[in-house]
Amino acid sequence: MRVIGVLAARGLQMGVDMDDVTVVPVGTAMKMLNRRSIFRLLLQVRTRLSPNVYVSYGSTESGMVTYATPEMLARCPGTVGRVCDWTTVQVVASDDAPLPVGVSGQLRIRSEHQVAGYFRDEARTRRYFRGGWFYPGDLGRFDAEGLLYIEGRGDEQLNFGGMKVSPEDIETAV
């Protein structure tokens, strides 16, 4: 995400007319930042490049899954937005039971556009595709408005006495 800040600063130094930038699309790299960093980044992008920042979340396997408009991002920094009409996303526990709004868990995705598995890689297909769902390995939660927040990766969780903690939570606390 530093690329956007560097691009804006370098463009200004080089005399590039940043007024020509009308839309800034941002992909899922946003999930790697903590909430404070996301807020600062979006503020910089809106002021230096364009107020029209759109965020999307998706994958090669499932295509575009969510979108967030500038209005959503202003109200709810950190969201990756609403689920696209052609996609279903659930937040589930380790036993695949759907979790309630506000509770973090593993994401699973079902899309009209998703692939059925990985070419000539049955083990990987069994790991990430089950029962018609794609399990990208991301952790997230929905809020009361139905907006999705990506909170990290399941395989990045640290186990402290049976409690799962993300490196981001540790970084934020420190």
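Predicted model: local features only at pLDDT ≥ 70, side-chain atom pairs only at ≥ 80, totals over all residues.

Me: Fine. How many helices and strands does the protein chain have?
Reply: Five helices and twelve strands.

Me: And how much of the protein chain counts as buried?
Reply: 40% of its 174 residues. The accessible surface is about 10200 Å², and carbon and sulfur atoms own 55% of that.

Me: What share of the contacts comes from residues 24 or more positions apart?
Reply: 51%, counting contacts in the protein chain with a separation of 6 or more.

Me: Let's do aromatics. How many pairs?
Reply: Three aromatic pairs in the whole structure. Take Tyr118 and Tyr128. Their ring centres are 6.2 Å apart and their planes sit at 85°, so this pair is edge-to-face.

Me: Where are those two in the chain?
Reply: Tyr118 is in the loop between β6 (105-111) and α4 (122-128), and Tyr128 is in helix α4. They are ten residues apart.

Me: Tyr118 and Tyr128: buried or exposed?
Reply: Both are buried.

Me: How are the rings of Tyr118 and Phe129 arranged?
Reply: Edge-to-face, because the planes are at 70° and the cut-off is over 60. The centres are 5.5 Å apart. Phe129 is in strand β7 (residues 129-130), eleven residues from Tyr118. Phe129 is buried.

Me: Which residues do the ring pairs link into a cluster?
Reply: Tyr118, Tyr128, Phe129 and Phe134.

Me: What lies over the face of Tyr118?
Reply: Arg124, at 4.0 Å from the ring centre. Arg130 lies over the face of Tyr135, at 3.7 Å from the ring centre.

Me: Stay with Arg130. Which side chain meets it in a salt bridge?
Reply: Asp96, at 3.9 Å, N to O. Arg130 is in strand β7, while Asp96 is in the loop between β5 (87-92) and β6. That is 34 residues apart. Arg130 is partly exposed at 33% relative accessible area, and Asp96 is partly exposed at 25%.

Me: Why would such side chains pair at all?
Reply: Opposite charges can pair when the charged atoms come close.

Me: How many salt bridges does the structure hold?
Reply: Six. One of them joins Glu145 and Arg75, with the closest N and O atoms 2.4 Å apart. Glu145 is in the loop between β9 (138-142) and β10 (148-153), and Arg75 is in helix α3 (residues 70-75). They are 70 residues apart.

Me: What's the accessibility of Glu145?
Reply: 37%, so Glu145 counts as partly exposed. Arg75 is partly exposed too, at 48%. Arg75, Arg82 and Glu145 are linked in a network of salt bridges.

Me: What does Asp138 pair with?
Reply: Arg153, in a salt bridge with the closest N and O atoms 2.9 Å apart. Asp138 is in strand β9 and Arg153 in strand β10, 15 residues apart.

Me: Buried or exposed? Asp138 first.
Reply: Buried, at 3% relative accessibility. Arg153 is buried as well, at 18%, because the cut-off for buried is under 20%.

Me: Last topic, the surface. Which residues make the nonpolar patch?
Reply: Met64, Tyr67 and Trp86, covering about 270 Å². Met64 is in strand β3 (residues 63-68), and at 39% relative accessibility Met64 counts as partly exposed.

Methods. Residues numbered from 1 in each chain as written. Heavy atoms only, no water. Phe/Tyr/Trp six-rings, centres within 6.5 Å; stacked < 30°, edge-to-face > 60°. Helix = DSSP H or I, 4+ residues; strand = E, 2+ residues; numbered from the N terminus. Buried < 20%, exposed > 50% of the residue type's maximum accessible area, 1.4 Å probe, protein only. Lys NZ or Arg CZ within 6 Å of the ring centre and 35° of its normal. Patch = residues over 30% accessible without salt bridge, like charges linked within 9 Å, V, L, I, M, F, W, Y side chains within 5 Å. Areas by Shrake-Rupley, 256 points an atom, 1.4 Å probe, with all protein chains shown as cover. Salt bridge = Lys/Arg side-chain N within 4 Å of Asp/Glu carboxyl O. Contact = heavy atoms within 4.5 Å.
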